[in-house]
Amino acid sequence: IISCLDRDSSHRSHQREKNGYREMRKKLHKRGTDVSLVVRSSLELTIYCSFTKAIFFFGQKLNLMQHLKENIEHFSIFHLCNQLTSPRMAVRKRSILALGHLVPCCSLLLFSQLTEHLLTELAKNPPTSVTRTYIQCLATVSWQGGHRVGEHLEKLIPLVVKFTSTEDDELREFCFQAFEAFIRRCPKEMAPHVATVTQLCLKFMTFDPNYNYDDGEEDGDDRMDVEEGFEESDDEYSDDDDMSWKVRRSAVKCLEALISTRRDLLLSYSICPALLARFKEREENVRADVFAAFSTLLRQTRVGSSHHTTASLHLYLCVQVPVIVKVLHRQLKERSFKSRQGCFCLLTELVHTAPGALEQHIPALIPGIIFSLTDKSTSSTMRIDALSFFNVLLLSHPPQTFQPHMQVLLPAVLACVEDSFYKITSEALLVTQQLIKLMRPQEPTAVSAAFDPKPYVKEVFSVTLKRLKAADIDQEVKERAISCMGHLVCHLGDHLESELQGVLAIFLERLKNEITRLTAVRTITLISASPLKVDLSPILPEALSLLGSFLRKNQRALKLATLACLTAIVTHHSASIKPAALEPVLNEISPLVDESDMHVSQVSITLLTCMAKACPSSLAKICSSVLPGVFRLIHSPLLQGGALAAILDFLQALVLSKLLKSLVEPFQSSKSPAGSSVLHRQSYHSVARCVAALSSASPEDAPGTVSGLIQQVCSSFWFCTEKCSESLQLLLLFQIKTAASCALGGMAVSSLNEYLPFILKEVSAQPRKQYLLLHSLKEVISACSASSLSPHLESIWTLLFQHCECQEEGTRNLVAECLGKLTLANPAQLLPRLRQQLKTGSPLARSTVVTAVKFTIVDHPAPIDSLLKDCIGDFLKTLQDDDIDVRRVALVMFNSAAHNKPALIRGLLGTVLPQLYKETRIRKDLVREVEMGPFKHSVDDGLDVRKAAFECMYTLLESCLEGLDVLQFLDHVEEGLKDHYDIRMLTFLMLARLASLSPAAVLQRLDRLVETLKATCTAKVKAGSVKQEFEKQDELRRSAMRAVAALLAVPEVERSPSMADFANQIRSNADMASIYQSVQGVEGGGVGPSESMDKS
């Protein structure tokens, strides 16, 4: 039957599937008539399970839901539910399993009836054995039914809580399993009951009535509290009869679910101390779960999390580190593999959560690490876990912590390098590499520099060389051996003496091998930059030839690594390079300088700069072969940022007089060369920067260059006014004026006392030129240091606030940018004054002040950050402002903070989010009708504010997800799916992102989301609409389909009948199927890089 699912959806295969279904149903009905309500054979039990599986599978492929509705209620309620009271345990378990398969594809009404039936039966206080079955069934139904059980929790929780007081260990275990299912599937609906469940978990995780945890355990001895001379008979109680460990384990697992879903409650119920106290748990399985729960708690307490609770818990954990280590270091020496693995996982999380916290406790941990590495009975997995933890430990602590223990650590690690299992060898080589770096750090302290690595070099070298020479080993081991030996040469090459040449020869061989060449290139880069100045001359000519050939390969990672390697070689070993050796490299660089890949171009030009500086003999070749490509790149509209900076450095390194003419020649001709495209405006900016860089590098040529440029400006101005049309005149004159304002600002930077007073005076005296003069002022503030601006702060500040209420929004934004950049110059003095202006200004002034704050939030650490964190809450209060424009700019400022400096606003989410969500709603009072001749057009004045609010929500998904109530967030995403075109496009992106970030919450709202997505994908544009409407609808459908593809990738999404129906509808509709296939083909069915929003 199941094999039918893989067949084509032809008429014949549909008919076979339906026939199979009918035959099975007839057989069941016949057997049901014969044996009434009780199933008496294992064959019939199998048929029950098979039938419900058939419903689950066929319900997605065949349209059987209407056919099933007539009989499914009778089948589930009067057959399966009645089997829950069967005297045979196997029957009960099969019935629970069958109900679990039935729940995902049943209707909401049927699910409610099933849950009500279980509630009714539990309320009758049935016998304990039957109660266990009902609770177990309830847990299964909750796991499979997901969010649908949420509406019944108010009735379910009190009943389950009541049964935890029953003296039956298995019943308690099932109760906690039910609690865990409720918490995982319905976290929001469980919120009122979290306190009760948490207290029960804390109570029963210590439930061990047959054991006394006395103080003797501090010595590591687990002893039963029995009287001396007592001999246990065969009829008396034994550990085999003790089921209390199942209660403790289920309570711990439930507590872990709480930790995962309710970070805000971690400190409220002393969960951390309670788990710490349970590290002494005697049962191995329970102890492993305790370690797993504590590891989850550590993951939830990572540094930089948004909640004050987790920050406090982080401080508490740092204080408790000695206690944790004291308990775990005993566990690390136990024979139990599961306990030791749990310890290593927990310690790894601890190091990630509190880097450096174990520095004082390394001596206590080392014996346990050595034991796991050297014990003959230790499994391979155990060794790998120990090595993985040791590697994390080495990376997160200073060298001097481990140097005193090198004599003990190194032999154990090197023994693992020689292990026959490749995964152990690979992990051990990685640890050896870290130990090499610790022996002689690149930036040693006084303590670490005193360590003598010489006694260990030979031993490390011989073991690593053995793996480096081996040819018949795993690729991962080969790569790790190359890297490890590279670090050995880089850090300790002066101790290798005669062996060094042989190692370099092996590296050259690995460079020729297609599999290992990338690792070899990176290793040679490392050695080339070594402060030991390792002599590479024996391999350099052949290596340069090989590296040059790699630049032709169609492998971007190899190209970038090769360019970095060549840069290191040219920078540090130029004396050993003959001019002819660089020719193969220069021949291959020219095609790489192209706008198709700006990063490769940038790295290539950086290499050329190094060549120009270190190897002057290569200048002629550079000018003839590479320089034309550089000029083409300068004229590209895509040139900016790092690539432009690299070109400026390159040109300054060349400083050739003929470069100026070559640069500006395309701009001086009145006609573009035949076959060339029109030069973009960005090209003028790039060329201007290059000309300025060259002029500053050759002062003797600067006066002539400036005179020539002035003449060109005058002639260009005459050409614009005399020869161009009126519209073109306006455009060109505006561009010239804008460039002139930037030039004036640049001139003022070099002579601040002379030009700045003039600019300030003209801003007030020339209202028509105010915008351009403010541009000049912005250039001055951006380019000048804080100390040079200090004498002029007051005059600039006063002038800017005189114009902060300008009616022209563009001018106000420019004033705000100037204010923000000026505040960065002296934040301690100016930020409080900026905050004070919120109370005194008009709405226009308030919007200018809030926009100014946005410009103080930069994407790199700045002195203003700590001050801004203390007062940003006052600026965010403008989200409640009566003026809609003030609220809009406040949202833009909040978005900038969430994107660039999320730490500023994480602690304020509790107060800001309600205001943010309020702005996502459509307000009828802001929608007005405008008459346009015979037509009426609706104008929504609140659209810009809503768009700003949804943009903030998108940004918060990336930076502050842990501070969001995802279900509440989804409520507003659902509303956005029905809003304006721009907002819908954004909410589709959010929905696709949420599907990967928080799938459980999305599954809870899936039925409601599917309806909106279906409406978008099936919507039709009215006949006679303009072309733009059809294009908009096509984009909406594609965006909606991307969200559908992301939802279909969520685990367990197939359990939703509505989603399964929609998926079938997509497959059966040729138009929708083609869109879906194109989305999956281009974006991979998920949210690709092309979909991410530009949040800058």
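This is a predicted model: local features need pLDDT of at least 70, side-chain atom pairs count only at pLDDT 80 or more; totals for chains, interfaces and linings use all residues.
**View 1. The largest cavity, with a volume of about 250 Å³.** The structure holds 5 cavities of 30 Å³ or more. The largest cavity is lined by 18 residues, and those closest to its centre are Gly-145, Gly-146, His-147, Leu-1003 and Arg-1055. At least two lining residues come from each of helix H6 (128-145), helix H8 (169-185), helix H47 (999-1004) and helix H48 (1006-1018). By type, the lining of this cavity consists of 6 nonpolar, 6 polar and 6 charged residues.

View 2. Buried here means under 20% relative accessible area. The buried residues of H45 are Val-966, Leu-967, Phe-969, Leu-970, His-972, Val-973, Glu-974 and Gly-976. Among the elements that cover them are helix H43 (909-918), helix H44 (943-959), helix H46 (981-997), H47 and H48.

**View 3. The second largest pocket, with a volume of about 880 Å³.** This pocket is lined by 26 residues, of which Ser-260, Thr-261, Arg-262, Leu-964 and Val-966 are the closest to its centre. Val-966 is also one of the buried residues of H45. H8, helix H10 (244-261), H45 and H47 each give at least two residues to the pocket lining. The largest share, 4 residues, comes from H47. The lining of the second largest pocket divides into 11 nonpolar, 7 polar and 8 charged residues.

Note on methods:
Residues are numbered from 1 along each chain as its sequence is written. Side-chain values use heavy atoms; hydrogens and water are left out. On a 1 Å grid over the protein atoms alone, a cavity is a set of points where a 1.4 Å probe fits but cannot get out, and a pocket is an open set with protein on both sides within 12 Å along at least five of seven lines; lining residues have an atom within 4 Å of a point. Grid points are joined across faces, edges and corners, and a volume is the space filled by probe spheres set on the points. Ala, Val, Leu, Ile, Met, Phe, Trp, Tyr, Cys and Pro count as nonpolar, Asp, Glu, Lys and Arg as charged, and the others, Gly among them, as polar. Buried means under 20% relative accessible area, exposed over 50%, partly exposed in between (1.4 Å probe, protein chains only). Contact means heavy atoms within 4.5 Å.
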